[in-house]
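Keep the viewer open as you read.

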Amino acid sequence: MSSLSNYSKEELIKEVQLKNRILVEGLSFPIDIFKNLDVGGEIQETVHVLFTADKHAHKDVEFPACFLTPKGKFRVGIRWNQDSLLSIRYIDGQYHVFDRNTPVFENLYFVTRSPYYKLSASDGTSFRTIATDNGHGALFVSYSNECSLKDKGLDCLFCNINATKSIYGDAQGISWKTPKQVGEAVGAGYREYGFDHVTISGGFVPERREVEYYLDVAEAIQNATGLEDFNGTACVGAPRDLTVLEKYKEAGYRTFATNMEVWSEKMFDLICPGKAQECGGRSNWLAALKYEVELFGKYRVRSTLVSGIEPKESLMTGIEYLVENGVIAQPSQWYVNVGSALQGHRTPDPDWHWEVFERTVSLYRKHGVTWDQLRDANAGSDSVPFDLYRILEGIDVKLKKGLDQYE
Ligand code: SF4
């Protein structure tokens with residue numbers, strides 16, 4: 001367990017501010033810098049099941065998934081950007097993060113690989129491609145690694161799901177997951193390796209026929225785990241017929257996620273044309289979120305917003321509205337994805353993002369959102385606003401059997 005009480009809030013916040021900067025700017029390093037680490041053996045590797053965050057392709061070289069900050073043990077994902085002033089250097093057998101020529105995080109501890117990643121489903125498919133380890137006991141299933149909106153020219157402008165598939169799909173053996181595979185992976189993860197939360201997500205499927213799949217997956221997980229409530233999050237675009245949402249609740253999902261991505265009405269239509277045109281428009285997204293809160297409960301529903309595309313006050317208006325109405329609005333730094341339509345654009349600076357996170361966390365605390373609610377409704381619990389929430393609320397994460405010693 002990381003013990004936040006060993007450090008002052010100021011020290012911990014400074015660490016998370018640096019983490020925020022690393023996630024905004026990425027890290028530069030030579031492609032072979034990790035050759036002295038047992039990545040994919042002792043050290044957990046990145047599996048690109050949905051969106052790659054690296055600015056440069058590296059399909060033949062595995063990178064570590066993340067390292068921990070020295071004090072608070074906050075997880076920091078590796079995002080490769082050769083233009084970044086922040087870098088990883090290997091000196092005398094140790095890895096360090098430098099800001100230009102000044103070391104800022106020394107002797108990096110890379111998160112170790114759960115033995116769960118060594119296992120495969122009965123058909124031979126590796127568990128690491130079926131349900132990834134998102135840290136702190138969370139598994140993440142991206143049932144597909146493509147989005148059918150692309151075929152219509154309606155994919156979200158910030159998204160690189162289809163480019164990610166082209167680069168890493170074959171290299172890492174990632175493809176569509178069957179409910180049976182998901183049941184086997186999640187069943188083993190829950191029984192033997194300390195996982196206790198799973199998110200089911202993925203790109204749009206043709207004709208929006210995902211509901212049957214989600215119901216079959218829920219049944220397979222229930223059979224494999226023996227749990228009726230398996231702490232699952234279904235991440236789905238707003239259906240035109242809102243009564244469909246009742247089926248997810250009946251199937252046993254504890255929480256629900258409908259990601260608006262952009263709050264401004266005009267920008268939503270422009271940035272997310274498929275979400276606007278295929279799902280009954282922005283008003284239907286808001287209606288879906290309202291009904292989801294009625295079905296699943298207050299703060300049992302999440303909506304992620306890509307933070308940095310629209311003006312700050314527009315974004316904050318959306319976050320405030322959503323949190324006031326029982327939705328966990330989750331701002332996520334726009335780190336411009338390679339292969340997306342917006343490739344070449346720039347995200348705002350780290351201070352811009354930090355202010356959004358501080359204001360968001362203030363809203364969570366003002367409305368009494370609990371750590372369990374934040375964790376259960378999200379695919380991972382290591383985002384910058386969640387780290388900040390933990391510091392301010394003094395919440396340590398627990399050690400779980402089979403998970404990394406610091407988790
Ligand atoms: S709906 Fe948008 S964000 Fe989601 S996978 Fe498709 S293009 Fe990407």
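A nonpolar core here is a set of buried Ala, Val, Leu, Ile, Met, Phe, Trp, Tyr and Cys residues joined through side-chain atoms within 4.5 Å. Buried means under 20% relative accessible area, exposed means over 50%, and partly exposed lies in between, with a 1.4 Å probe and protein chains only. The model is a predicted one, in which local features need pLDDT of at least 70 and side-chain atom pairs count only at pLDDT 80 or more, while totals for chains, interfaces and linings use all residues. Residues are numbered from 1 along each chain as its sequence is written, and side-chain values use heavy atoms, with hydrogens and water left out.

**Overall fold**

The protein chain holds 13 helices and 13 strands; these are DSSP runs numbered from the N terminus, helices being H or I with at least four residues and strands being E with at least two. The C-alpha trace spans about 60 × 50 × 40 Å along its principal axes. For 407 residues, a compact globule would have a radius of gyration near 22 Å, and the 20 Å of the protein chain agrees with that. That radius is taken over C-alpha atoms, and the globule rule is 2.2 Å times the number of residues to the power 0.38. Of the 407 residues, 61% are buried. Contact means heavy atoms within 4.5 Å; among contacts between residues at least 6 apart in sequence, 74% join residues at least 24 apart.

**The core**

Which residues touch the most other members of the largest nonpolar core? Among its 126 residues, they are Phe34, Phe67, Phe158, Ile200, Tyr248 and Tyr253. Helix H11 (residues 350-366) supplies the largest share of this core, seven residues. Beyond its neighbours within four places in sequence, Tyr253 is in contact with residues including Ile200, Tyr214, Phe230, Tyr248 and Phe296.

On a 1 Å grid over the protein atoms alone, a cavity is a set of points where a 1.4 Å probe fits but cannot get out; a pocket is an open set with protein on both sides within 12 Å along at least five of seven lines, and lining residues have an atom within 4 Å of a point. Grid points are joined across faces, edges and corners, and a volume is the space filled by probe spheres set on the points. There are two cavities of 30 Å³ or more. In the table, Ala, Val, Leu, Ile, Met, Phe, Trp, Tyr, Cys and Pro count as nonpolar, Asp, Glu, Lys and Arg as charged, and the others, Gly among them, as polar.

| Space | Volume | Lining by class |
|---|---|---|
| Largest pocket | about 550 Å³ | eight nonpolar, eight polar, five charged residues |
| Second largest cavity | about 40 Å³ | three nonpolar, four polar, two charged residues |

Of the 21 residues lining the largest pocket, Val24, Glu25, Lys55, Asn81 and Arg346 are the closest to its centre. The lining of the second largest cavity includes His48, His58, Glu62 and Tyr168.

**Loop residues to look at**

Val338 sits in the loop between strand E13 (327-333) and H11, and counts as buried because its relative accessibility is 19%. Residues it touches include Thr52, Asp54, Lys55 and Asn160, leaving out those up to four places away in sequence.

Glu261 lies in the loop between strand E11 (255-257) and helix H7 (265-271). Its phi is positive, about 70°, although Glu261 is not a glycine, and at 11% relative accessibility this residue counts as buried. Arg100, in the loop between strand E4 (94-99) and strand E5 (102-105), also has a positive phi, near 55°.
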